[in-house]
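Dear colleague,

Please find below the structure that I am handing over to you.

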Amino acid sequence: MLIDLGDELQLCTPFRLRHLTEDSTVNPNFSLSEAEFYQSVFSYLCGFGVWNEPRCCQIALNATAAKFHLQPMQAKSWFFKPYFGGEPVSEAVVCLNSKLSRGEFLIIEHDGQSSLCLSLNEQFILDEGIELEQFQAIKVLNDRLAPLVLTHRVHQSA
């Protein structure tokens, strides 16, 4: 999916055409609800102080495209370890752990059972030979979501 951001700027999402809803190709303009969601995510991410504004913009645009234009998907929780900690998840940026990777994800949609998450990692290994590219979406059961420890992320950036 290609998002046109003006005369000289375009964003290519990692979503394949077969995973997009039919109306994604019919109406290429952002709706009011899409623009509101984008602004909400952008402001939320900037508030963390971890990513610069262009990166927050890129994450928010991919999250908006995923929320409004991806076809519904089934949870693929078997790739992830359950979270048994006592601290509840209270932020939209969370940690998911597979057998081979630990990574940061943004919750795009959340219900009582599962969450649609966007990978914020350059690569995330789900299992041997299976990986998520940056900004790909995956749905997981909520018992896999772990709180993100920001000191780890901030320390890496310094």
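Confidence

The model is predicted. Its mean pLDDT is 82, and 76% of the residues reach 70 or more. Over residues 151–158, however, the pLDDT is below 50, and beyond near neighbours in sequence this stretch has four contacts in the model. I would ask you to keep this in mind when viewing residues 151–158, given their pLDDT below 50.

Helix α2

Helix α2 consists of 17 residues, numbered 32–48. Just after α2 comes G49, which takes a positive phi of about 70 degrees.

The sheet

Five strands make up an open sheet in the order β8-β5-β4-β3-β9, and their pairing is antiparallel. Its edge strands are β8 and β9 (146–147), each of which pairs on one side only.

The pairings can be followed strand by strand. Strand β3, residues 93–97, pairs with strand β4, residues 102–110, in the antiparallel sense over five bridges. Within this pairing, C95 has E104 of β4 as its bridge partner. The two strands β3 and β4 form a hairpin, with four residues between them.

On the next step across the sheet, β4 pairs with strand β5, residues 114–119, again in the antiparallel sense and over five bridges. Here E109 stands opposite L116 in β5. A hairpin of three linking residues joins β4 to β5.

Strand β5 also pairs with β8, in the antiparallel sense and over five bridges. In this case S115 is found opposite V140 in β8.

Where in the fold does S119 sit, and is it buried or exposed? S119 belongs to strand β5, and with a relative accessible area of 0% it is buried, the cut-off being under 20%. Its side chain makes a polar contact of 3.3 Å with the side chain of N121. Leaving aside residues up to four places away in sequence, S119 touches E104, F105, F124, L132, E133, Q134, F135 and Q136. Among these is E104, the residue already mentioned as the bridge partner of C95.

F135, another of the residues touched by S119, deserves a separate note. F135 lies in the loop between β7 (130–133) and β8 (137–141). Although F135 is not a glycine, it has a positive phi of about 75 degrees. F135 has a relative accessible area of 5%, and is therefore buried.

With kind regards

Notes: Residues numbered from 1 in each chain as written. Predicted model: local features only at pLDDT ≥ 70, side-chain atom pairs only at ≥ 80, totals over all residues. Heavy atoms only, no water. pLDDT = per-residue confidence, 0-100. Contact = heavy atoms within 4.5 Å. Expected span 1.5 Å × (residues − 1). Pairing = 2+ DSSP bridges. Buried < 20%, exposed > 50% of the residue type's maximum accessible area, 1.4 Å probe, protein only. Polar contact = N/O pair within 3.5 Å; in protein donor to acceptor, adjacent residues only side chain to side chain.
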